[in-house]
Structures are given as structure tokens and as C-alpha cells.
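Here are my notes on this model, as numbered points. Please read them with the coordinates open.

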Amino acid sequence: MQQLQIAMFVAQETAAHLDRAGDRAKQYSKSKLTLGILKLVLGFVLVLAFLLSGASSELSGLLRNLTRNYHLQLSGYLLVSSVGYYLLFLGLDFYGDVVLERRYGLSNQTTVGWLVRSAKEWGLSTLLILGVLNLLYAVIRGLPHWWWLIAAIGWFILLVLISKITPAVIVPLFYKMVPLQNSELVDRLLALAGRCGVRVQRVFEIKLSKETNKANAAVIGWGRNRRIVIGDTLLTLCSADEIEAVFAHELGHVALHHTWKLLAGSAVSFVIGFYLLYLVLGPSAAALGFAGPAEIAAIPLLLLWIAIFGFLSKPLQTGYSRHLEKQADLFILGKVERPETLVSALTKLADRNLSDPNPSRLVEALFYTHPPIAKRIAYLRQAGQVHA
Ligand SMILES: [Zn+2]
């Protein structure tokens, strides 16, 4: 169980690291990390047990008795497993999303609000899984030797489409988003966008405060659907100068074409990942006595391989993301009048969000999509122009 060993190593690393510092952010990060690892290991073990105990074969046999249609059997199997998985993890998710967040004063969400949100997330992801796996298994059955390439291309197209509809369709399912009202601030931000050579028509305010005290801003979508959104939590936390600096960082993502770079990175990793999956799925299914990789009872095997490849490629994914974040941070130098305000904004955000300023290197490599705050401040200062 390599996954388990890695998880234990991460936990030890973290514990050793925590001995060196013990403030609230460290404690919060530790709880979050422990919970994340617990869910990862538990999920892995449960799926493995479902596969090896024969429960998976029994469920697929039961469905075979109900219908002879392969895709109805597949959909039934996925629906039952998805409900089971959701219910099994409901308690842990509630603890992580509500109990822990409330303990640290980060959550503004009611229990009912959380339940509605989690049911929506489940519905959306189940719908997606049903669609994607029905297509994937149709291709595996139809093109036994080339399905990996078709799957990689299809997966990429899906990712591009989802990111396209995220601002208009997916985010509104969870958050209210309105054009930013403060006209003085809007004028300032639009002027800044003009100086950075980025076409922005409107700036959006996203209402995070209904759920959380954490502050954030982001670029979502691409093309005409692209939006730069600023959390209402960030708007109340930061000064106009600081908001401008954060906005400049987001403009950096646009000006430096980060969305496209991330999509291109995904395309490469999908081709490699699905090819590796093709290499291991057939032989491992045969070794466990399944008739072929498309046998419904062998679905847990597919999920386990995807989880393993996903976990092993994490350092690469997060490393690339941190590289792009650093570029966006440095982009603001020379673009805003007082770049040192990015340092004060980042410090405020880290304090508010209880971010660990100095995680261990392993934790950073596995989980941090942004450089830890101490590193961001260090390279911003080193870049010369920032003396805050
Ligand atoms: Zn960023």
C-alpha cells in the first residue's frame, strides 16, 4: 500500500514541522491536512475492499438480472456506488466543512445551507460521472487498442467546455455574482486592466460571505465568458490599494495566458495518463479474473488506478501551478503604483484564511497550488521594487 506509506510519511513530516511552530494557522492546517489524508486513505481502502470482497461483482450481477442493456447496468452500478460513497463520507465532510470551519471562526454557513450545497455538488458530480464513464466504456469496448487516445481527447474537450461554462452556469449554482458596484474602484481597476493590455468589460463581486469568512479573488472561464471575480470578503478586508494589487495579480494570469497554459499542460498529462491507464488496466483486470477492462464489476480498479496516477502526478501539477502564481505575483511590479500593497494584501489574506505561512516542503509539493505566503513575500521583496 504505497498510498498509505506516503500518507503516513506526510503525517510524520507534518507532525515534525508542527513541533517547530504552534499557532492557530498551524493547528488549523494540521487538522485540515489530517482530515484530507484520512479521507484519501479511507476512500482508497473502501474502493479496494469493494473490489476484492466480491461486493462489486455481486452488485453488477444483480444489475445484470434486471436489464441486459450494458449502459443501463453501468449507470445503475455508478448510481448505487455514488449514493453509497456520498453517505459514507457525509459525516467526515460535515466535520471538515462545518465543524472545523466553525471552530476556527471561518464559516458563516448554516447546517441546512451546507446540506443543500453538498447535495448539489453530489448531483452535479454524479451527473458528470454517469455521462463521462458511459462514453469512456463505450470507447473502451469499441476501440480496444485506441480508446486511451480518444479518451484523452474527449476528456480535454470536456475540460475546455466545463471551464467555458463555469462563470455563467456552474458558479451561479453555488454563489451569487454581481457586477462590482463601487464605481470609483471599478474605474480604477478598469484603468489598470487597460495599462496591462487586458480587455475587461466588467468586474464581478462574488458573495462568499454567506458561507465563509475566507477571502479570495480569481479569474474564471475563458474567451468571452472570462470573468475576474473578487470575493465580497476580500472587498471588506482590504484597502483600495490592496484590492488593486490583488486585481493586478489576476490580470497577470490573463495577460500571461495562464488558462491556456494550464489547459495545454492538462492535454499532455491526459495523453500520458490515459496511455498508462491503457497499459495497466487490461492486465490488472485479467489478473483479478475479470473478462476484460470494460467489465462493470472492474470499475473500482479503474478508479484506483486513476487515484494512484492522480496522486503521483500531484507534485507536478501543484509545482506548475505555483510557478504560474509566482509569475502573476511578479507581473504586478511596474503595473501598480504601490506594489508593496500586494505584500500587505497577501499577509491579510493569509491571516484571515489561516494559511500556514511555512508548510513543510513535502506538504507544499503535494497540496499547495500557490507558493506559501513566506516565499511569496520573500521573492516579491527580492525583486527589488518592494520594500514593505
Ligand atoms: Zn493567482
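**Notes on a predicted model**

1. The exposed residues A374, A378 and Q382 sit on the face of α15 turned away from its buried side. Keep in mind throughout that this is a predicted model.

2. Helix α15 covers residues 373–382, and I373, R376, I377 and L380 are buried in it. Viewed down the axis of α15, these buried residues fall within an arc of 95°, so they line one face of the helix.

3. What do the buried residues of α15 pack against? Their partners are α12 (314–331) and α13 (340–353).

4. The axes of α13 and α15 come within 10 Å and cross at roughly 175°. Angles over 145 degrees count as roughly antiparallel, and α13 and α15 are therefore roughly antiparallel to each other. On the α13 side the contact is made by L342, V343, L346, T347 and A350. On the α15 side it is made by I373, R376, I377 and L380. By class, this contact of α13 with α15 has seven nonpolar residues, one polar and one charged.

5. Next, the sheet. Four strands form an open sheet, in the order β1-β2-β4-β3, with mixed pairing. The edge strands are β1 (177–179) and β3, each of which pairs on one side only. From one strand to the next, the twist averages 30°.

6. Strand β2 (residues 204–206) pairs with β4 in the parallel sense, over three bridges. Within that pairing, E205 stands opposite I230 of β4. Strand β3 (residues 217–220) runs antiparallel to β4, and four bridges join them. Here A218 stands opposite V229, and I220 stands opposite R227.

7. The turn between β3 and β4 is worth checking by eye. The hairpin has six residues between the strands. In this hairpin, G221 takes a positive phi near 75°.

8. Is β4 mostly covered or mostly open? Strand β4 (residues 227–231) is mostly covered, with five of its five residues buried. In a regular strand the side chains alternate between the two faces of the sheet. For β4, R227, V229 and G231 are on one side, and I228 and I230 are on the other. Both faces are covered, as these residues are all buried.

9. Helix α6 (residues 147–174) lies across β1, β3 and β4, and runs at about 130° to β3. Helix α9 (residues 240–255) lies across β3 and β4, and runs at about 25° to β3.

10. One last site, away from the topics above. G96 is found in helix α4 (residues 70–103). Why does G96 count as partly exposed? G96 has 17 C-beta neighbours inside 10 Å, whereas a buried residue needs 20 or more and an exposed one has 12 or fewer. G96 and S31 are 65 residues apart in sequence, yet their C-alpha atoms are 8.7 Å apart in space.

Methods
Residues are numbered from 1 along each chain as its sequence is written. This is a predicted model: local features need pLDDT of at least 70, side-chain atom pairs count only at pLDDT 80 or more; totals for chains, interfaces and linings use all residues. Helices (H or I, at least four residues) and strands (E, at least two) are DSSP runs, numbered from the N terminus. The arc is that of the directions from the helix axis to the C-beta atoms. Two residues are in contact if their C-beta atoms, placed from the backbone, lie within 7 Å. Two strands pair if DSSP finds at least two bridges between them. Axes are lines fitted to C-alpha atoms, for helices over the stretch in contact, and angles run from 0 to 180 degrees between N-to-C directions. Angles under 35 degrees count as roughly parallel, over 145 as roughly antiparallel, 65 to 115 as roughly perpendicular and the rest as oblique. Ala, Val, Leu, Ile, Met, Phe, Trp, Tyr, Cys and Pro count as nonpolar, Asp, Glu, Lys and Arg as charged, and the others, Gly among them, as polar.
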